[in-house]
Amino acid sequence: MAAGGRNTRKDGAKNKLEFVVLTRFKPLWWLVQRNRWLTRKLNHTLVNLLIDKIPTRPHAFSTRSLYTSWDSLIDRSYSGLHLPPLDWEPLTDEGRARVASASPGFGTDFPPAAEVAELFRGAETKYSPKSSLTFPHFVQWFTDGFLRTDRQDVLKTVSNHHIDLCTVYGLHPPMTDQLRSHQGGKLKSQILEGEEYPPFYYDGQGRPKAEFDALAHLVREPTAAEGYTDAKKSRLFAMGVEVERANVQVGYVMLNVLCLREHNRLCDLLARAYPTWDDERLFQTARNVVIVEVMKIVIDEYINHISPYHFKFVTDPLSLSGEKWYRLNWMTVEFSLVYRWHSMLPETFLHDGQPMPVAQTMWNNELVVERGLGAMFEETSSQPAAMLDLFNTPDFMVPVELAGINLGRAAKLRSYNDYREMLDYPRVTSFDQISSDERIQKELERIYGHVDNVELYVGFYAEDGRPNSALPPMVGRLVAIDAFSQALTNPLLSQHVFNPETFSPVGWDEIMNLHSLSDLVHRNIPGDQRYRVSFYRSDWRRA
């Protein structure tokens, strides 16, 4: 038994050893990272160690068909699958053995989805011991750029499958064209309270502006019962994806505004350094720089926040471009489900010293404009995120959890135990090997009867968090695997592209001199005031 009561027999000896080696011996790891050559070698080894825990792309299966076909291998309008779907019929002895070892009877009689969704509903918020609210805000904004389920058919995706900041630049060229000012490479913007923001999407009569008609593929317009008012609607910004979605919460808006400012700031730098460049070259170069800056934050700061290790990963793409996993990006259903961190949003947001229900911050851009970007980042960095756990999702987000359960069923995903095996964990045989929380153990047993019947989406969030990690074990492992393998295969980080010639010497310097989200924020706020911008709680200390 581990501290807290969870049975650790099925954690796996190799996993336990790996965890001990990487989370202890702090002085040794500090010495290692004093040596740049050794750091790069270990970075290369550990990235490969993580990614190689599962079969690499191309995936043999997608949501297009129950078996492998040419179309299922090339039609990226469908989502990929890490494991074959439930009704896959194997033709070989190896395939039949694979099915025989899977959870018996899983998927033949699911419990009601609405009852399962109640496993997520929280009565009293449990807070993350490590993460600030800036962390889940960044996650939602970042992943919304590439995890984009088709609203008409959940087995399909409208994603470009790349980290391309479509939330800032638009999903498609006609959208990008309307977001551009076509002057000096810049994006359209306006000045409010002395700071730069995107232009408003609606005119004074509440109608979409004609200049943004390519952005008019809106998600269902929210209702007054959801806190959506005409005053909020009038302040929604024109941004790269669906207007209500892009403006849905303050963190999303803050990060889009930040990248818009960085893009336009870079255009000014590039224009001064290269006066012969036209609007198109300034725009394209600035966009490339901003995309890579965000990926650098993802690897150097975000991944290291998730990790409980003493070793700090670094952005070193050129050393990894020859690996077997270096293949074309393709987002999977499992990756979409592993990133549904709705329980990390607390019920209450502290704004300007006053508590406010988080639901009231939705579509409320005035909060950002009134406080200013720097103060808002400090505000979210100064309060804790909620814990990623069952029984911790705010009431207004429970329907979204229900959608996640239904997506897993529609995609015919295999069981939590089957995915444990894929991710190099032993299969659990009792509920106390998943969680130390007796309430979670009892409710899982009541609803599912046997551990082999637990669904992947529920199992992800039922697990206890690891010491010093921001996430539970399977979530953390799959996030690291897919984040590294999808980010490092971005064409901008490839062997013959990632160089000063692509980004210009000026742009290259901007990339190399950026190490954190805080750096990016302080490049793009007026005045000399310093704000605390961090994924970490200010009171977090390594256990």
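1. Basis of the note. This is a predicted model, in which local features need pLDDT of at least 70 and side-chain atom pairs count only at pLDDT 80 or more, while totals for chains, interfaces and linings use all residues. Residues are numbered from 1 along each chain as its sequence is written, and side-chain values use heavy atoms, with hydrogens and water left out.

2. Overall make-up. The secondary structure of the protein comes to 23 helices and eight strands, where helices (H or I, at least four residues) and strands (E, at least two) are DSSP runs numbered from the N terminus. The radius of gyration is 23 Å, close to the 24 Å that the globule rule gives for 543 residues, so the protein is as compact as a globular protein of that length; the radius is taken over C-alpha atoms, and the rule is 2.2 Å times the number of residues to the power 0.38. Along its principal axes the C-alpha trace spans about 65 × 55 × 50 Å.

3. Among contacts (heavy atoms within 4.5 Å) with a separation of 6 or more, 76% come from residues 24 or more positions apart. The protein exposes about 22600 Å², and carbon and sulfur atoms supply 53% of that area, as given by the Shrake-Rupley method with a 1.4 Å probe, where for residues only the protein chains shown count as cover.

4. The hairpin of strands 6 and 7. These strands pair in the antiparallel sense over four bridges, pairing being assigned if DSSP finds at least two bridges between two strands. They form a hairpin with two residues between them, and besides the opening pair, Phe-349 stands opposite Met-356 in strand 7. Strand 6 has a covered face, Phe-349 and His-351, and an uncovered one, Thr-348 and Leu-350. In the turn, Asp-352 has a positive phi of about 55 degrees, and Asp-352 counts as partly exposed at 49% relative accessibility.

5. Two further backbone details. Ser-504, in helix 22 (residues 500–512), has a phi near 80 degrees, a positive value in a residue other than glycine, and Ser-504 counts as buried at 4% relative accessibility. A cis peptide bond, with omega about 0 degrees, joins Arg-57 and Pro-58, and Pro-58 is placed in the loop between helix 3 (36–51) and strand 1 (61–62).

6. The surroundings of His-82. This residue lies in the loop between strand 2 (80–81) and helix 5 (93–100), and His-82 counts as buried at 9% relative accessibility. Leaving aside residues up to four places away in sequence, His-82 touches Ile-54, His-59, Thr-332, Glu-334, Tyr-419, Met-422, Leu-478 and Asp-482. Pro-104 is 22 residues from His-82 in sequence and 19 Å from His-82 in space, C-alpha to C-alpha.

Definitions and conventions: Buried means under 20% relative accessible area, exposed over 50%, partly exposed in between (1.4 Å probe, protein chains only).
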